[in-house]
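Work through the exercises below with the sequence and coordinates open. Each task is followed by a solution in steps.

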Amino acid sequence: MTNLDFLAVTIEVDETGELRNVSSVAEAAEILRQNWPVDRGKELSKARRACLDAMEGAGSVEEARTAFVAAAKEAGILVWNSAWQF
């Protein structure tokens, strides 16, 4: 089985300010499907597709991660992207 882990992305999961580190395609896909704060969005649709593609072997883990980060930015819940360089 292919490793679908990626560098952690930290998101704010609800109004309480609770933070969650997301570090795999499967975890990202589950959050996008069940716990996302908005129902629609261009980046949300792309992220859902990218995660599904990665899990099916038709896309890469990095594409899924990048799409997840974009969707989190779009939703206003991105807190920390561990790939950021300072």
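The model is predicted, so local features need pLDDT of at least 70 and side-chain atom pairs count only at pLDDT 80 or more, while totals for chains, interfaces and linings use all residues. Residues are numbered from 1 along each chain as its sequence is written, and side-chain values use heavy atoms, with hydrogens and water left out.

**Exercise 1.** Find which element of the protein chain has the lowest mean pLDDT and which the highest.

Step 1. pLDDT is the predictor's confidence in each residue, from 0 to 100. The chain average is 92, and 93% of the residues score at least 70.

Step 2. Elements are DSSP runs numbered from the N terminus: helices are H or I with at least four residues, strands E with at least two.

**Exercise 2.** Describe helix α2 and determine where its buried residues lie.

Step 1. α2 spans residues 42-56, 15 residues in total. From first to last C-alpha it reaches 21 Å, close to the 21 Å expected at 1.5 Å a residue; the expected span is 1.5 Å times one less than the number of residues.

Step 2. Buried means under 20% relative accessible area, exposed over 50%, and partly exposed in between (1.4 Å probe, protein chains only). The buried residues of α2 are L44, A47, A50, C51 and A54.

Step 3. Viewed down the axis of α2, these buried residues fall within an arc of 130°, so they line one face. The arc is that of the directions from the helix axis to the C-beta atoms.

Step 4. The face of α2 turned away from the buried side carries exposed K42 and E56. Cover for the buried residues includes α1 (25-34) and α3 (61-75).

**Exercise 3.** Give the strand order of the sheet and identify its edges.

Step 1. The sheet is open, with three antiparallel strands in the order β2-β1-β3. Two strands pair if DSSP finds at least two bridges between them.

Step 2. β2 (19-24) and β3 are the edges; each has a single partner strand, so one side of each lacks a neighbour in the sheet.

Step 3. β1 (residues 5-12) and β3 pair over three bridges, and I11 has L78 of β3 as its bridge partner.

**Exercise 4.** Is L32 buried or exposed, and what does L32 contact?

Step 1. L32 lies in helix α1. At 0% relative accessibility, L32 counts as buried.

Step 2. Contact means heavy atoms within 4.5 Å. Leaving aside neighbours within four places in sequence, L32 is in contact with L44, A47, R48, C51, F68 and A71.
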